[in-house]
Amino acid sequence: LGKMQDAGIGMIMDAGSTILSWDKIVKLTEEYPFVYGAIGVHPDEVGNLDETQFARMERLLDKEKIKAVGEIGLDYYYDFSPRELQQFWFRQQLRLAESVNKPVIIHSRDASQETFDIIKSSPVRRGVIHCYSGAWQMAKDYVDMGFFIGVGGVVTFSNAKKLVEVVDKIPIEKILIETDSPYLAPNPNRGKRNDSRNLQFVVEKIAEIKKLSPEDVAKITFDNAKSLFF
């Protein structure tokens with residue numbers, strides 16, 4: 001992590017996925033001034049959630065450097081957790097985000113309409129749709145609701161026409177850049193372990209699509225992240 005600031009990374013949001021990850025996230029936020037955290041349970045992992053862990057989650061969200069609830073949502077690709085259970089805990093975690101007044105980091109895979117419908121029926125209107133993979137029209141609907149669209153290494157892939165269209169049509173003021181480390185490294189490092197040092201390639205691709213300078217894209221998306229999480 002010490003190498004990140006040398007590479008020009010101003011801030012890292014370390015998002016939770018498993019209950020076991022929570023203590024590690026808190027420790028990293030205490031150890032590194034530029035690391036902030038999100039506490040949540042990924043849909044693949046909600047089978048491990050119960051009321052005791054949910055109460056602990058609420059306590060951890062009270063910590064100063066824990067800035068969001070996430071990553072939460074639905075994943076119908078693997079179906080590691082029953083869909084009804086995913087939906088139940090997704091709604092519970094959205095309610096928790098509302099009660100503690102924190103933004104959300106949303107995971108959605110092969111469940112775009114169900115994810116959208118559950119969010120729309122909740123009062124939560126602050127967050128990012130992480131690694132967005134849907135059509136630009138739904139991205140616009142999310143933006144109109146108040147959400148940011150998360151864009152990572154996929155935008156550099158040759159088969160990413162849908163995401164390129166999203167980036168083209170969504171205002172730059174509503175885009176966040178992200179890694180999804182250790183996955184989805186951008187070209188030219190596709191297939192290797194991903195980390196935040198690869199964000200320069202995401203920035204360059206967004207700049208190309210938006211006809212902006214990479215410096216402007218970096219500054220605007222950094223300000224976007226600060227406005228959401230702080």
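Is Arg 197 buried, partly exposed or exposed? Arg 197 is partly exposed, with a relative accessible area of 37%. Keep that residue in mind for the third view below; like the others, it is drawn from a predicted model.

**View 1. His 107 and the residues around it.** His 107 sits in strand E4, which covers residues 104-109. Here the histidine is buried, because its relative accessible area of 10% falls under the 20% cut-off. Its side chain makes a polar contact with the side chain of His 42, at 3.5 Å. Beyond the neighbours within four places in sequence, His 107 is in contact with His 42, Pro 43, Glu 71, Ile 72, Gly 73, Leu 74, Asp 75 and His 130.

View 2. Asp 23 belongs to helix H2 (residues 21-31) and Arg 56 to helix H3 (residues 51-60), so the pair ties together parts that are 33 residues apart in sequence. Asp 23 is partly exposed, at 48% relative accessible area.

**View 3. Arg 197 paired with Asp 195.** Here is the arginine from the opening question, whose side chain meets that of Asp 195 in a salt bridge (2.7 Å, N to O).

View 4. Lys 226 and Asp 223 form a salt bridge with an N to O distance of 3.9 Å. Both belong to helix H9 (residues 214-229), and because they are three residues apart there, about one helical turn separates them. Lys 226 is partly exposed, with a relative accessible area of 36%, and Asp 223 is also partly exposed, with 30%. Salt bridges that share partners join Lys 219, Asp 223 and Lys 226 into one network.

View 5. For Tyr 78, the setting is the loop between strand E3 (66-75) and helix H4 (83-100). Tyr 78 counts as partly exposed, at 44% relative accessibility.

**View 6. Two cis peptide bonds.** Most peptide bonds are trans, which makes this pair worth a look. The bond from Gly 70 to Glu 71 is cis, with omega near 15°, and Glu 71 lies in strand E3. Pro 188 is in the loop between strand E7 (175-177) and helix H8 (199-210).

View 7. Most residues other than glycine have a negative phi. Cys 131, though not a glycine, has a positive phi of about 45°. Its place is the loop between strand E5 (127-129) and helix H6 (136-145). Lys 211 has a positive phi too, near 55°, and lies in the loop between H8 and H9. Is Lys 211 buried or exposed? Lys 211 is exposed, because its relative accessible area of 74% is over the 50% cut-off.

Note on methods: Residues are numbered from 1 along each chain as its sequence is written. This is a predicted model: local features need pLDDT of at least 70, side-chain atom pairs count only at pLDDT 80 or more; totals for chains, interfaces and linings use all residues. Side-chain values use heavy atoms; hydrogens and water are left out. Helices (H or I, at least four residues) and strands (E, at least two) are DSSP runs, numbered from the N terminus. Buried means under 20% relative accessible area, exposed over 50%, partly exposed in between (1.4 Å probe, protein chains only). A polar contact is a pair of N or O atoms within 3.5 Å; within protein, one must be able to donate a hydrogen and the other to accept it, and residues adjacent in sequence count only if both atoms are side-chain atoms. Contact means heavy atoms within 4.5 Å. A salt bridge is a side-chain nitrogen of Lys or Arg within 4 Å of a carboxyl oxygen of Asp or Glu.
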